[in-house]
Amino acid sequence: YRPQDFVIACDMDDTIEYLLPAWIRWLNAKYGYNTKYADVTDWRVRLAFPGLTDDQVFEPLHLEEFWKTVEPMWDAVYYIKKLIDEGFPFYIVTSSHPDSVLPKFTHVLYKYFPFIDKHNIIVAHKKQMIHCDVLIDDGTHNIVGPYIGLLKDTPHNRWFKEKDIKNIYRVYCWKQIYEKIHEIIDQ
């Protein structure tokens, strides 16, 4: 493989930016909870906020003000730019709700990752439909597919047994993601 022949697809939320910590802070502040990041051990965030309705839990994701509080993973900015500069085709693939796309892209993606080509952004709920060589994602429902999966470690996916599935590797930081991509290409 040459970099230009190896297509990288990458999720947004909790993969290149810290959605969950911002979301928890927002809900804790608004509703008086004391939930911590490590308390969210399931994809269903509402389980960490008993007593709140789905509408209450998901409300921030539809608010422009909320997306202004979401910060990038510092190492994601550095290593994604490095991969793009090396010639890798790099695509953002997000299953974002249509109502959150504009504020999320404006206040997170375009602001912190201006070097990602706007034509390389795909909104897709079923990521297995995307043709790529590697998918970087924190969602266990996305990581198994016709590609190599790099599962970005989070408390809500630690139950997943990636070692039991071929071509899926758990990664903890963007330096490790960068190195794994180069290891795959060198094989």
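What is the relative accessibility of W26, and how does the residue count on that basis?

Author: The model is a predicted one, in which local features need pLDDT of at least 70 and side-chain atom pairs count only at pLDDT 80 or more, whereas totals for chains, interfaces and linings use all residues. Residues are numbered from 1 along each chain as its sequence is written, and side-chain values use heavy atoms, with hydrogens and water left out.

W26 has a relative accessibility of 23% and therefore counts as partly exposed. The classes are buried (under 20% relative accessible area), exposed (over 50%) and partly exposed (in between), for a 1.4 Å probe and protein chains only.

The ring of W26 takes part in an aromatic pair. Rings of Phe, Tyr and Trp (for Trp, the six-membered ring) pair if their centres lie within 6.5 Å; planes under 30 degrees apart count as stacked, over 60 as edge-to-face and the rest as tilted. By this rule there are ten aromatic pairs. In one of them, the ring centres of W26 and F66 are 5.5 Å apart and the planes stand at 90°, so the pair is edge-to-face. The two residues are 40 residues apart and belong to distant parts of the chain, with W26 in helix α1 (residues 19-31) and F66 in helix α3 (residues 64-67). Helices here are DSSP runs of H or I with at least four residues, strands are runs of E with at least two, and both are numbered from the N terminus. F66 has a relative accessibility of 0% and so counts as buried. W26 and F66 form one aromatic cluster with W67.

A second pair joins Y33 and F49: the ring centres are 5.3 Å apart and the planes are at 65°, so this pair too is edge-to-face. Y33 and F49 both lie in the loop between α1 and α2 (54-58), so the pair ties together parts that are 16 residues apart in sequence. Y33 is partly exposed because its relative accessible area is 24%, while F49, at 0%, is buried.

A nonpolar core is a set of buried Ala, Val, Leu, Ile, Met, Phe, Trp, Tyr and Cys residues joined through side-chain atoms within 4.5 Å. The largest such core has 47 residues, and I16 and W174 have the most contacts inside it. Apart from this core lies another, of eight residues, including A9, A124, I130 and C132. In soluble globular proteins, nonpolar side chains tend to be buried together.

Contact means heavy atoms within 4.5 Å.

The axes of α4 (residues 74-85) and α7 (residues 174-186) come within 8 Å and cross at roughly 25°. Such axes are lines fitted to C-alpha atoms, for helices over the stretch in contact, and the angles run from 0 to 180 degrees between N-to-C directions. α4 and α7 are therefore roughly parallel to each other; angles under 35 degrees count as roughly parallel, over 145 as roughly antiparallel, 65 to 115 as roughly perpendicular and the rest as oblique. On the α4 side the contact is made by D75, A76, Y79, I80, K82 and L83, and on the α7 side by W174, K175, Y178, I181 and H182. These residues divide into seven nonpolar, one polar and three charged. Ala, Val, Leu, Ile, Met, Phe, Trp, Tyr, Cys and Pro count as nonpolar, Asp, Glu, Lys and Arg as charged, and the others, Gly among them, as polar.

Several loop residues complete the picture. D153 is in the loop between β5 (148-152) and β6 (168-171). With a relative accessible area of 11%, D153 is buried, and D153 touches R158, R170, V171 and Y172, not counting residues up to four places away in sequence. D164, in the loop between β5 and β6, is exposed at 65%. N167, also placed in the loop between β5 and β6, has a positive phi near 70° although it is a residue other than glycine. D14, in the loop between β1 (8-10) and α1, likewise has a positive phi, of about 60°, and is not a glycine. Most residues other than glycine have a negative phi.
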